[in-house]
Every structure is written in structure tokens, then in C-alpha cells.
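Let's read a protein model together, one feature at a time.

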Amino acid sequence: MFQKFIFRIIILLSVSVIISNNVWAQVTMDSTNAERSTGERQGPIYHIDWWVTVPIIVVGGAGGLYWISSPKSNITDAEVASVNPANVPSFDRISLHQNIALVPKWDPYALAGQQIGAAMPLLLLIDPEMRRDWTQVIPIAIEANMVELGFYSLAPFGPKFITRYRPLVYYSNAAQSGINRNDGNNKDSFYSGHVASVAVSSFCMAKMYCDYHPDASPWLIYGVATLPPLAMGVIRFMTLDHFPSDIAFGFAIGAAVGILDPELHRIDNHFLSFCMFSSPTMGTGLTMQYRLPETAVN
């Protein structure tokens, strides 16, 4: 799993650098023409503090490494024999009535979906303005992915700390399809990391595109953004790796991170300040103040 996320970063960085080297002169011309025709944009849309962004990326990647390097123990035969479909919530039991023989046929689609999800943010570079700001757009996309990876690897609601058997564990005929129900990875049903990773890329793209094009229809843009993670959700459902609730939660957290991460980068820390305070009645602490750009004094 961690290797797949590393693969995402390598794709985003390497392809973006290649594109920037080949089209930088054309980008400058395109952006200049765009500003002349639409009016000059006042300052950058996003603000990156590298002292914050780089540690977030490192921590997210380290969390993924920690997760992959300390897998859960295998499921014993006694544990496999003790699984009870009656303990599965009624809204998830649809996963217990599928054709397990189809799992090997759907597995390749999961890998392909991960690779497509890794490359999706690069589509933003087709847009002239966003291509000009690729040094902001691409790092934010990487950061959003690493934030989601950090949640998946380190959060108490992630698979590292929650044990839930995948649906395929409940199939007594799994071995006939070449599936090992005793694999420790089958304890990681909650939540779907595949769906979350595709959702964070898809909704990060939608958010940034809407930020650069405020006249675009958000209903249309975000509607399209739901399609890739939904498709991945169907794939992971068919591979019997996740219950519907696992998929829904992965979708929700991926979408939330994909939207919130770029939004936080719209706050210029030039207008954000921290200071210590001390009061006889309130004690000592830290205050945060944000001044609206219109009232800030440069």
C-alpha cells in the first residue's frame, strides 16, 4: 500500500517537472494573454508555507511507512471459523451475498484505479493559469494525499487501530478462488484507503478548478468529481475488500481532505498572527488573530 502512495508522489513530481520544462515559455505567453482578456489577477490564489507543507508531507509519508512496516498478525483458523454474518450490520450484509469467483477478475481494476487516481491532478496543468502556478498546484495535491495517508495510517479511526474483517473472510469457499482468508491484511476492512485516495485527488482537483474559475458551475464540477471515487467504491465492493460503510467513510474523508486542504492554503499567513498573552484571571496562553486583507496594513 505504501509503495502505491510513493508511486503517486513520483508521478506527480516527475511529470510536472517534465511539463514545466517543456512548456514554461508557452505558459508565460498564455497566462499573459489570459490576464489581458479577463483582467489581471491580484496576487496568487494559494499561499504555501514550505515550513508547514514539507513536514506535513514527510509525516504523512512516515505514517504510511510505519503502517506498512508493522502489519497485523494473520487471522487464525479459529478466528476464521468464529466469524458470524449476524454480527454484520444489516446495511452491510449485501457484501455477504456476492459471487466470490469474480474477485480475481476485479482485482486488476483496483490497481488501475489507483494509478489513474495518482495521475488525475496532472490534468489541472492543461489549464493555462493553473499550469503557470504548478509550483503551488502540484505541492498542494501531494500534501492533500499525504494528509489523507496520515489519517489512514495514524488516526484512531483508521485500520491500524480498528480491526474489521473484510467481507471475503465470511466466504467459506474463498480458497476455491485462490483467496487466503488468514492473511492479516484481511483485518483492514475499515476504512477503504483506495476510495479515500481517489476521492482526495478528485475533490482536490474540483476545489482548485473552482477556485481558479469562480464562474464555473460547482454542481457540475463536483458532480463529475464524485464519479472516480464512486467507480473505485464499486470495484472495492466487487473485490469483497470492503463493506458499503467502509466505502462511504473512505469517500467522505477523502472528499473532506481534498476540499479543505486547498481552502486552508487560500489563507495568507501575512494576515495571520500568533502571540502570547498573560492575564491574572485567564492565565497564560497563545492567541491567534486573522485580519481581513482589506483592512491589513502591509
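**Reading the model**

The protein has 10 helices and 2 strands, where helices (H or I, at least four residues) and strands (E, at least two) are DSSP runs numbered from the N terminus. This is a predicted model, in which local features need pLDDT of at least 70, side-chain atom pairs count only at pLDDT 80 or more, and totals for chains, interfaces and linings use all residues. Residues are numbered from 1 along each chain as its sequence is written, and side-chain values use heavy atoms, with hydrogens and water left out.

Q: In what order do the elements of the protein run from the N terminus on?

A: They run α-α-α-α-α-α-α-α-α-α-β-β.

Q: How many residues does helix α7 have, and what span is expected?

A: The expected span of a helix is 1.5 Å times one less than its number of residues. Helix α7 (residues 193-212) has 20 residues and reaches 28 Å from its first C-alpha to its last, close to the expected 28 Å.

Q: How many of the residues of α7 are buried?

A: Buried means under 20% relative accessible area, exposed over 50%, and partly exposed in between (1.4 Å probe, protein chains only). In α7, 19 of the 20 residues are buried, while 45% of the 298 residues of the protein count as buried.

Q: Is Asp241 buried or exposed, and which residues does Asp241 touch?

A: Asp241 counts as buried because its relative accessibility is 10%. Asp241 lies in the loop between α9 (227-238) and α10 (244-264). A contact means heavy atoms within 4.5 Å. Leaving aside residues up to four places away in sequence, Asp241 touches Asp107, Arg166, Pro167, Leu168, Ser189 and Arg236.

Q: How do I read a pair of aromatic rings?

A: Such a pair is described by the distance of the centres and the angle of the planes. Rings of Phe, Tyr and Trp (its six-membered ring) pair if their centres lie within 6.5 Å; planes under 30 degrees apart count as stacked, over 60 as edge-to-face and the rest as tilted. By this rule the count comes to 12 aromatic pairs. For Phe157 and Phe249, the centres are 5.8 Å apart and the planes at 65 degrees, so this pair is edge-to-face. Phe157 lies in the loop between α6 (134-154) and α7, and Phe249 in helix α10, so the pair ties together parts that are 92 residues apart in sequence.

Q: Which residues form one aromatic cluster?

A: Phe151, Tyr152, Phe157, Phe190, Tyr191 and Phe249 do.
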